[in-house]
Amino acid sequence: MPVRVSMRKIAEVAGVSVATVSHVLNNRSNICSAATAERIRKVAAELGYRINFGYKLMHSIPTRTVAVLAATEYGSNKEYIRELTLRLLTEFGDNGYAAYFHTLPLSETAARTKVDEFLARGVENFVFIGMPLGVDKIVEDIQNAGAGMIFNSVSGNRRYVASDSASAVTELLNYLRQQCGDDFRLFSTAATTSGRDDRAAALRRTFPELEFSAIVRRYVVEMPSEGLIDENYFEVIFDQARRHTDKLLREQPQIKGLAYTNDIAAMGGATAVMALKRNDCIITGFNGDRAAVNFPYPIISARPDIAKLVKLLAAKAVSKEPCEELVMPKLLFP
């Protein structure tokens, strides 16, 4: 069994007082220089120091802990989500918070149980990347425990800091409309055709003169949703986009603009375009994945402003004030 490292030992190695070590490791008011505080944290990490959360809970001392929870496995594997999560965990650490990361299971009961486990550990704040299953009950549990939470997606009347996907997609669709007239299509799923997602909002903004049902009939190619939340997500969405693009361009060769919900789908579509030896198509994706930026066929994309999202999420996650922040993504042209 490992020996618990005391603050006295850390103070001896770092060459400071025990009181200084206590203030630094418990994130109290600054009583030393930033360099000294950094040295203390480095010594504590090297010695294997662990905060005694049990003691804090028993004595009602704030734990300064945050849980960053990804809603699904495939979501946490997206390139920009991985970068957002890693930078967010670093930001919390730099701000003096202990941060956990966990991917929630695809089960309402299991997801709720996992959140309850974090609450039992003394986690005081939660950041949700994506929308977990059983979100209403999870929110109720967190509120009943007196903890805070924020979402990285627009979530009704809940607190959020999210990427303004609808505005970015609107700009991409308007660009296609300017370049291709009516000869462009958006490849999406039932979430769009039923009017529930950001793509639907973007379509309404792009064609304010049309009824939504008319927009869908004229400009949307609906792809099936099956297989989009499993471990083969990337292969499924790539292949669906490739097959549907091939079919569309064979049946309607006048189409020149192709918009996709993400860069994986855009690369699938671009693969079909190259196989048909077309070089006159304009393709847009979303997320700004490096693979898409460097793809053999040009792909226009929009990348979430991760630096700004991280700063806002880290600041708002540990406050209780109302928050409905949207951050505009950056458009990426080849």
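**Entry: Val16.** I looked up which residues Val16 touches, leaving out those up to four places away in sequence. The list is Ala11, Val21, Thr36, Arg39 and Ile40. This is a predicted model, so I read every contact as part of a prediction. I then checked where Val16 sits. Val16 is in the loop between H1 and helix H2 (18-25). I also looked up one distance. Val16 and Thr36 are 20 residues apart along the chain, and their C-alpha atoms are separated by 8.6 Å.

**Entry: H1 and H3.** Next I took the helix pair H1 and H3. Helix H1 covers residues 7-14 and helix H3 covers residues 34-47. Their axes lie 9 Å apart, and the two helices pack at an angle of about 120 degrees. H1 and H3 are therefore oblique to each other. I noted the hand as well: H1 crosses H3 in a right-handed way. Which residues meet here? From H1 I listed Lys9, Ile10, Val13 and Ala14. From H3 I listed Arg39, Ile40, Val43, Ala44 and Leu47. By class, this contact has seven nonpolar and two charged residues, with no polar ones. Arg39 and Ile40 of H3 meet H1, and Val16 touches Arg39 and Ile40 too.

**Entry: H9 and H11.** I moved on to H9 and helix H11 (residues 198-206). At what angle do their axes cross? The answer is roughly 50 degrees, and the axes come within 8 Å. H9 and H11 are therefore oblique to each other. Their crossing is right-handed. On the H9 side I wrote down Ser165, Ala166, Ser167, Val169, Thr170, Leu173, Asn174 and Arg177. On the H11 side I wrote down Asp198, Arg199, Ala201, Ala202, Leu203, Arg205 and Thr206. By class, the contact has six nonpolar, five polar and four charged residues.

**Entry: the cavity.** How many cavities of 30 Å³ or more does the structure hold? I found one. The largest cavity has about 50 Å³ of space. H9 gives the most, with three residues. By class, I recorded six nonpolar, three polar and one charged residues in the lining.

**Entry: cross-check.** I compared the last two lists.

Technical notes:
Residues numbered from 1 in each chain as written. Predicted model: local features only at pLDDT ≥ 70, side-chain atom pairs only at ≥ 80, totals over all residues. Heavy atoms only, no water. 1 Å grid on protein atoms, 1.4 Å probe; cavity = no way out; pocket = protein on both sides within 12 Å on 5 of 7 lines; lining within 4 Å. Points joined across faces, edges and corners; volume = space filled by probe spheres on them. Helix = DSSP H or I, 4+ residues; strand = E, 2+ residues; numbered from the N terminus. Nonpolar A, V, L, I, M, F, W, Y, C, P; charged D, E, K, R; others polar. Axes fitted to C-alpha atoms, helices over the stretch in contact; angles between N-to-C directions. Parallel < 35°, antiparallel > 145°, perpendicular 65-115°, else oblique. Left-handed = near helix turned anticlockwise from the far one by under 90°. Contact = heavy atoms within 4.5 Å.
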